[in-house]
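Please look over the model below before reading on.

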Amino acid sequence: MAAPVNLKDLTTDNITENVHAINSQCGSLRLKYILERTVAHLHELARETRLTTNEWMTAIHFLTQVGQISSDVRQEFILLSDVLGLSLLVDSIDHPKPKGSTEGTVLGPFHTEEAEHASAGSLISHDPDGEPLLVLCTLKDTDGNPISGAEIDVWETDSKGFYDVQYAERGGPDGRAVLTSDDRGNFWFKAIVPVPYPIPHDGPVGKLLKVLNRHPYRPSHMHFMFKKGGYDPLITALYLKDDPYECTDAVFGVKDSLVVELKKVEDEEVAKKYDVKLGSALITYDFVLVTDKAAAALRRQKAEEALAGIGRTFRFIDDLPVPDVD
């Protein structure tokens with residue numbers, strides 16, 4: 001290991017190489033690489049923008065406030081990552097999707113681990129003001145085979161655009177449930193029609209959006225998370241077509257393949273089978289999961305393609321790139 005060049009009398013010209021040198025003692029090659037690039041980009045940001053001390057301190061105070069407002073039920077750092085487009089970028093890199101599979105999107109700051117397991121056809125929302133909705137879905141692999149026994153975590157807001165955890169006096173989880181796909185890969189449940197709503201904008205992230213002249217609204221949507229052994233986990237959502245915020249989502253989550261039309265139950269047999277009224281709102285969707293093996297191969301392929309133009313050679317440890325150095 002090379003000794004640090006000089007840890008005294010550091011200047012704008014040599015500070016970066018010295019930080020790299022001292023950090024190179026890290027035993028984890030992956031962490032060392034991430035820190036090297038983080039430091040390089042942060043230092044270049046400061047040099048390129050001629051960052052002032054006041055601006056640096058403003059950023060420190062902002063991040064401090066982001067941490068202070070975060071809690072078990074409100075993750076302001078995820079919200080910050082969302083509005084900067086980082087969340088979607090990381091998901092796209094870590095969970096690449098081959099053609100024909102369901103695309104992923106952002107997790108959002110309001111997923112919890114307290115949703116109750118529910119049987120097929122369960123009502124997941126008990127908001128009396130919400131418009132009743134029937135959701136009929138299938139789950140298959142990329143070859144069209146049904147996937148049974150998958151765990152499906154579902155969550156949405158109430159009719160006023162608030163998640164259950166945003167109510168101080170809530171009695172327990174609502175608007176969320178964990179379902180299981182049946183032998184044919186089907187799952188279905190009753191909910192309420194999603195509505196557009198603003199992300200929490202009473203904190204530092206909301207203040208940032210205001211300074212940037214950006215609105216805080218998300219289009220009407222419902223979250224889904226899929227887990228099944230042997231398959232790459234999928235975090236996604238379905239968005240209602242023609243929502244006023246469909247093309248200006250505050251967290252960049254909308255993709256054309258995830259936009260669905262809100263239909264109506266018009267068949268008496270369907271209404272009877274699923275115990276809903278004729279004319280009830282209906283959403284149908286066919287989800288497609290990717291195997292762990294296929295996702296890993298595609299992740300490696302895209303990583304090699306992206307790294308090819310960097311001008312350095314890399315090797316992979318646990319399928320993650322690190323610089324290939326002696």
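## Second largest pocket

The lining of the second largest pocket divides into 9 nonpolar, 2 polar and 1 charged residues. Here Ala, Val, Leu, Ile, Met, Phe, Trp, Tyr, Cys and Pro count as nonpolar, Asp, Glu, Lys and Arg as charged, and the others, Gly among them, as polar. Lining residues include Leu42, Leu45, Ala46, Trp56, Ile60, Phe62 and Leu63. Thr52, Thr53 and Glu55 also line this pocket. Helix 2 and helix 3 (53–69) are the elements that give two or more residues to this lining. Helix 3 provides the largest share, 7 residues. The volume is about 450 Å³.

## Basis and terms

The model is predicted: local features need pLDDT of at least 70, side-chain atom pairs count only at pLDDT 80 or more, and totals for chains, interfaces and linings use all residues. Residues are numbered from 1 along each chain as its sequence is written, and side-chain values use heavy atoms, with hydrogens and water left out.

On a 1 Å grid over the protein atoms alone, a cavity is a set of points where a 1.4 Å probe fits but cannot get out. A pocket is an open set with protein on both sides within 12 Å along at least five of seven lines, and lining residues have an atom within 4 Å of a point. Grid points are joined across faces, edges and corners, and a volume is the space filled by probe spheres set on the points. Helices (H or I, at least four residues) and strands (E, at least two) are DSSP runs, numbered from the N terminus.

## Largest pocket

The largest pocket has a volume of about 890 Å³. Its lining has 23 residues, and Arg30, Tyr33, Ile93, Leu307 and Pro321 are the closest to its centre. Two or more lining residues come from each of helix 2 (29–49), helix 5 (86–94), helix 8 (292–307) and strand 13 (320–323). By class, the lining holds 13 nonpolar, 3 polar and 7 charged residues.

## Cavity

There is 1 cavity of 30 Å³ or more. Of its 16 lining residues, Gly108, Pro109, Phe110, Tyr197 and Arg218 are the closest to the centre. The lining divides into 11 nonpolar, 3 polar and 2 charged.

An open sheet of 4 strands runs in the order 4-1-11-10, with mixed pairing. Two strands pair if DSSP finds at least two bridges between them. The edge strands, each pairing on one side only, are strand 4 (186–192) and strand 10 (263–264). Strand 10 pairs with strand 11 (281–289) in the antiparallel sense, over 2 bridges. Lysine 264 has alanine 281 of strand 11 as its bridge partner.
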